[in-house]
Every structure is written in C-alpha cells, then in structure tokens.
Amino acid sequence: MSPPFHPTRAFQAYQIVAANTNVGKTILSAGLCRAAAKVAEAQDRDVFYLKPVQTGYPVDSDARHVRMYSDVHADTLYTYPDPVSPHIATDKPPHDNEVLNKIKERLLDYVRRSRRRNGAFCFVETAGGIHSPVMSGTPQADFYRPLRLPSVLVGDSNLGGISSTMASYESLLIRGYEIPALLLFNNERYRNHEMLQTQLQKTFVSAVPAPPAMLEDPEAERASMERYYAELDEHLVPVIGHLDAANEARFERLEQMSQKAKDIFWWPFTQHGLVKETTVIDSAHDDHFVTYKKNADTQAMEPCELFDSCASWWTQGIGHANPRLTRAAAGAAGRYGHVMFPETANEPALGLAERVLDHDTWASRVFISDNGSTAIEVGLKMAFGAAKLRYGWPDQAPLDVLGLEGGYHGDTIGAMDACSPNVYNKNVQWYSPRGHWLAPPSIHISKGKTLLKLPKATGTVEYESLNHIYSLDGRLDDPVGDIYRETIRRELIRLRKQGRYIGAILMEPMILGSGGMVFVDPLFQRILVDIVREEGAELLGYRAQDGMKSLGWHGVPVIFDEVFSGWYRLGRRSASDFLGVKPDIVGYAKTLTGGLLPLALTVTKESLFDAFVSSRKEECLLHGHSYTAHPMGCAVASETIDTLEDLARTDIKTPWTSFRDNWKSANVWSMWNPETVEYLSHLDKVESVMSLGSVLAIELRDTQNRGYGSAISKSIIQEMRHGQFDAGINLFARPLGNVIYLMTSQTTTPERVRICESILIKCLA
C-alpha cells in the first residue's frame, strides 16, 4: 500500500474528465498544460501531465501529443494496443489497488521533484467519459474517488451534448468531486456553452475555439496545430488563473477552519478546555478521513489520511462516500424530498419495514424515528403502556426498568433516566434514575486466557476459548448459570418487596458500548430473559387482569437496545442471535444506514401494538418527529441491508470469508487477527482485551482512576492521531476512559486491519 497523495496549496493537481469520448479532452489537456506552463514560468513552478491508462498505443499516445505541443513532463502508466475501452483492452486486468497505488506513487514523485521549485501544476487525464471503466470494470468516477482531485470537466459541444455534460456534472457532484471549471469547444450552431452557463452558474464555464480540420501532411498538421494552440493560450491562461485562485481560496479556508471551529462549535462529549488541536476533515472515503493540518516548521497546510477507527461513532458500516448509498439517497431525494408519514405510505419506508420484518420474524410492527435514543424511548413507551394495561397499574404508577449497570441508552432525558447513575447523567439536573440495575459478568482475554469475571469481584472463571463462551447451547447447565439464576431471582423478589412497578427489561445485548466496551456474558442475559418470561410475574408479584394473559409477551416486555450492536457490528445480524432468544421490542440505528444518514427503528410485536389500539385518539402512541420515515434514510437503509446481507453469506466466498477463516468460526469471529488479540493481552500496559465482529477493545491498567474519567489513554490516542508511521496514515480514535477501542467498517480489508494493528502495537509498546 503506497503512502497517500492529496493536493496542496503548492502542488495543484487536477483531474481532466470528459462528458463523452471524442469531445477534445486531450486537446484541451495539452492546452491547459501550455497555459499552466506560461503561468508557472513566472512563478518558478513545474507542470506535470499524467495519462494513467492509454489504449490504442503506440498509434495513439495522449502523453506524446501533450509533450509535442506543450513541452511539459508527460507520462503514461498502462498502455494497451487495442483502441477500445480499457476493460476489454486486456484479458489480465490489474487490480484497482495496484493501479491506484501506481498513480499515487507517480504523483508523489512529481511532488518530490517540484520541491526544487515553488510547487507545480499537475493534470491527470482520464480515459473516455467519466463512467468509462478502468481495466477491472470499475467506473472511473468511482475508481479515482480516493484521490478526489478537483475536476476540470470537458463538455460536449455537439447536438445532445448538453444532456451528457449535465449528466456527467451531476455524477461527479454526487460523488463529492469539486468541479472548478467546465471547458468545451465553441460550436456556433448549437451554442451548448450558453445553456450550460445558465444551468451551472456557480461553475466557471469557458467555451474555446474548436481545432482546425486535420491535415494529411504531418508537417502541415503540426504547423496548423501550433497556430491553433497559440490562439488557444489566450483562452486557457485565464482558466489557469481561475483554478489558481480557487485553489488559493480552498486552502485559505482550510487554514481558517481549525480556529473558527473552536470559536463557534459546541462539540458533543467534548471538554473544550482540553482541546488543543482541531482535526479539519476535508473529505472522507471508504475507511479514511482526508485531513489537513499546518506544518509547524513550514506553516504549510499538509494532507494526512486518518483511518476512521471509531467508525464515526459506530455508524460507519460500508464505507464513507459509498456510491451505492449515495445513489439511493439521491434517488429518494429526487423522487420525494421528505413527505408526511402518519396515515401515508411511501415505497422506501414500506420496503424497509418489509425487509426488516423478513428477518425479525418474531415481530410484526415497525416504528420509524431518527436516532437511537429516540428508538429506545419509543420502546419504553410501548412496553410501559402494555405492562400497565395488562396488570392494571394506576395511571400515575412510577414505572421503572430493570437493566444492567453500565448500560447506556442515549442522551435524551427519558433514555438517561433508564440508566444507572453514571458519568453521562450525573451532572444533568433533570436526571432521575428510574430503575434497578444488575451488575453483569463480563468476558476478557488476559495473558492469553479467556476469562469470565463475575460481578463485584466475586470470582473469575477460565474457558477454553471465546467459542466455548458464546456456544450457549452447551452452557445452559454451566455452573455459573446457577449463580446467575439465584442472583436474578433474589433481585426480583427484592423488587416485589419494595412494591416496584417494573415496566420493561432494557439492556444492550452482548456489549455495553458507551459503558466501556464491556462484553457481557450472553448466558447471564439469556437467563435473565428466561426467568423474567417464565417466572417474572410471579416473582415480582404481578397479576394480569382478566382476559390479559393471552398477550404475546410474558412477565415483563423485553427491550433489546441494538442501536450499536445490531446489523453485523459483532459479526451476526442481530446481537440477540448470540443469546438464542428474541426480544419483544428492539431498537436499531447507527449501522442501519451504513453511516450516511440518521435513522432509527423500533421493532415490536402485534400484541404490544394492540395495547395502543382503541377508538380514542389520546390512547395512541403519541410520539414522533417532523422527519419521521424520511425517504432518503429509508432508501439508504435498504441498500445497506442488501450490502451487508451479501457480505454475510456463508455459501459463497465473500470479503468476510478470510476473517472467519482466521478465527475458524462462522459465528464467533472478528475482523481483528486472533494473533494480535493474543499479543495485546500480554502487554504490561494492558489489563485485558476483547474482540468480536469489527470491535477491538483494550482495557489499560490504571491504578488511579478507572472508567470514563481516566486519562491514561490520552497520550496513546494523541500518538495514534499525530505520530509518524511507516504506512503514512494515522488512526482517528476516541477513548472511553481507560479503554481504547478500535472499530472498522464492515468493508475494511485485511490489509487495512493489519496496518491499524501495527500502529496500535507501536503506540502501546
């Protein structure tokens, strides 16, 4: 993997793309190189031209043409003799990564060479139209996206050219490209440039003279084109001036953003008094942020790629700027924008609900909201309403939840009240804990051993492997299960004696995310659900009203908060799959939309829905928000589910196959290498490690201050973000006190995982 390349203030790089073939892209590339050379001469700068892929070679050579008429450095990387689209020019196509790395290496060479002077202009000419494929078949618009070079679009001046040019412009735009200039030949009959100027008023549109007819005599042709290019200079030098000014404005803005952000933002979960540096994110693609920061010595803004190792607060599922999700969002935005949801149906919302219920066969109803906290509050209202109805509790009965210590369900007031006192809610004046919380047993890997730590430091049990811990069918008669049953029954009886109204069981299955990436023993959660359903009403002293016993839930409604853990974050579609039991209500969000848009679902059973059905409006579920079921989010969620389901298949080889093979399991596996987990567990700084799915959690030793208030990870996090590493990238990580966690997307490659592991190990060594 080559080091990253991105433009700078001194090294301006542009991608020259076209609306179609045969629209003059190479001629205008040569003209731009000539014009840039004139400007560069006065500024003591270089000019470079790169044609990554050339077909029809050596008869056709765009680099040769550029050198002939502009006298600049011009190179070609891949050449094929057949004058056809690159994807059929060879029967042995190189991998996209190989081609992209070769391009980056050449561009970095240009950067090194330009340091002898005051920088450079660089033009990268693509092949054919913007969706013409590279050798692998990947459309160029997607292939070149990791570079995200500002694009000079060469429009089509012929009949029909307005349409192809606008389509190309919009394709580039929705992929996140900046398009500082649009060039095309001046065709007096069709005058396409006039309409394009009207349609694209924020883009610099320039119509230049068309080239003369080609002459048969080579010398005459050369002289004719020399005269033409001399004429073209006066049209394209202003274009270079515009590009230069746009580049200067871009980097001026990047330079200002860090301080402006500190001055006007109020960041979430951030102590502003401790912020020393703002990470200015210029763009993001796949697993990486592209950031710019000021070099302390030169004061120049320099690019850096940061691996998004907190998965953008756990939302990132299938890569930043994923084109499939972008198209889904754009299609829904164009078709609907946003439309009213109550008493209506739109295809994206209905299609999503049907997809979810195809998997959650235990459920029949889907409530759509905007974020995880809301999804859980909706679930609480559902559960409380149904429990009150079944047991005939007074209207003002103080309903509580039964949950787990360290659980976290969001930052809205109701969700906070459903959590035990913790760092997130203790300073909120309205916080009023409404529940009872059990201390959960947790799973750790320490010194290479797989351990189960019982709560309150009452003991530790060693297991052969994670597979043994997560194979619940073989653990139902595990001796620790008897300890769990006794504890749970004792707590329920205590709640009955206190006269408590427990309206819901609420817990994060498998992992307490914000509580410190605590992996809970699934046997404990399974037994808790089983006892509540089989004995809960009796142990709590609740008696159903006449006619209410046949409802489709038992004891107390069970809510699973899968906002974080759902949709394959832990390697399986639902975290409840590990437990072997299904909830009565589940909340989904985060990975549900692949990291693109906010959306949340609360999925439940018909019996809970029926508790709110009557002829009185005020007895319905009075909850909602303005953008409920917005079509863009729903369309993106469906596309995300399609992608994740393809990755999860076990009947064919998928990108996840190698990860599963590493762990020798299709059910209990991680994207992080087991050898790395083992190695980390032996480090002196490390108390324990755990990994499942895309999550890697490292608990650091801190004898002074454990938990969220610990600062022991601060220097390690700073080293990850700002240190110098062989791969040329850094990790953007956020700690949870003395816990450092890294999280990949669901599409991260084994190579990227190895790079992250090597950086992590270096920082912990």
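Of the 765 residues in the protein, 56% are buried (under 20% relative accessible area, with exposed meaning over 50% and partly exposed in between, for a 1.4 Å probe and protein chains only). This is a predicted model, in which local features need pLDDT of at least 70 and side-chain atom pairs count only at pLDDT 80 or more, while totals for chains, interfaces and linings use all residues. Residues are numbered from 1 along each chain as its sequence is written, and side-chain values use heavy atoms, with hydrogens and water left out.

**The whole chain**

Start with a cartoon view of the protein, which shows 23 helices and 27 strands (DSSP runs numbered from the N terminus: H or I of at least four residues for helices, E of at least two for strands). The protein is as compact as a globular protein of that length, because its radius of gyration is 30 Å, close to the 27 Å from the globule rule for 765 residues (taken over C-alpha atoms; the rule is 2.2 Å times the number of residues to the power 0.38). Along the principal axes, the C-alpha trace spans about 105 × 65 × 55 Å.

**Charged side chains**

Side chains of opposite charge can pair when their charged atoms come close. There are 44 salt bridges (a side-chain nitrogen of Lys or Arg within 4 Å of a carboxyl oxygen of Asp or Glu).

**First stop: Asp 233 and Arg 34**

Select Asp 233 and Arg 34, a salt bridge whose closest N and O atoms are 2.9 Å apart. Asp 233 belongs to helix α8 (residues 218-264) and Arg 34 to helix α1 (residues 25-43), so the pair ties together parts 199 residues apart in sequence. Both residues are buried.

**Second stop: Asp 46 and Arg 117**

Move to the salt bridge between Asp 46 and Arg 117 (2.9 Å, N to O). Asp 46 is in strand β2 (residues 46-55), and Arg 117 is in the loop between α4 (96-114) and β4 (120-125). Asp 46 is buried at 8% relative accessible area, whereas Arg 117 is partly exposed at 32%.

Finally, select Arg 752 and Asp 286, which meet in a salt bridge (3.0 Å, N to O). Helix α23 (residues 750-764) holds Arg 752, and the loop between β8 (280-285) and β9 (288-294) holds Asp 286, so this pair ties together parts 466 residues apart in sequence. Arg 752 and Asp 286 are both buried.
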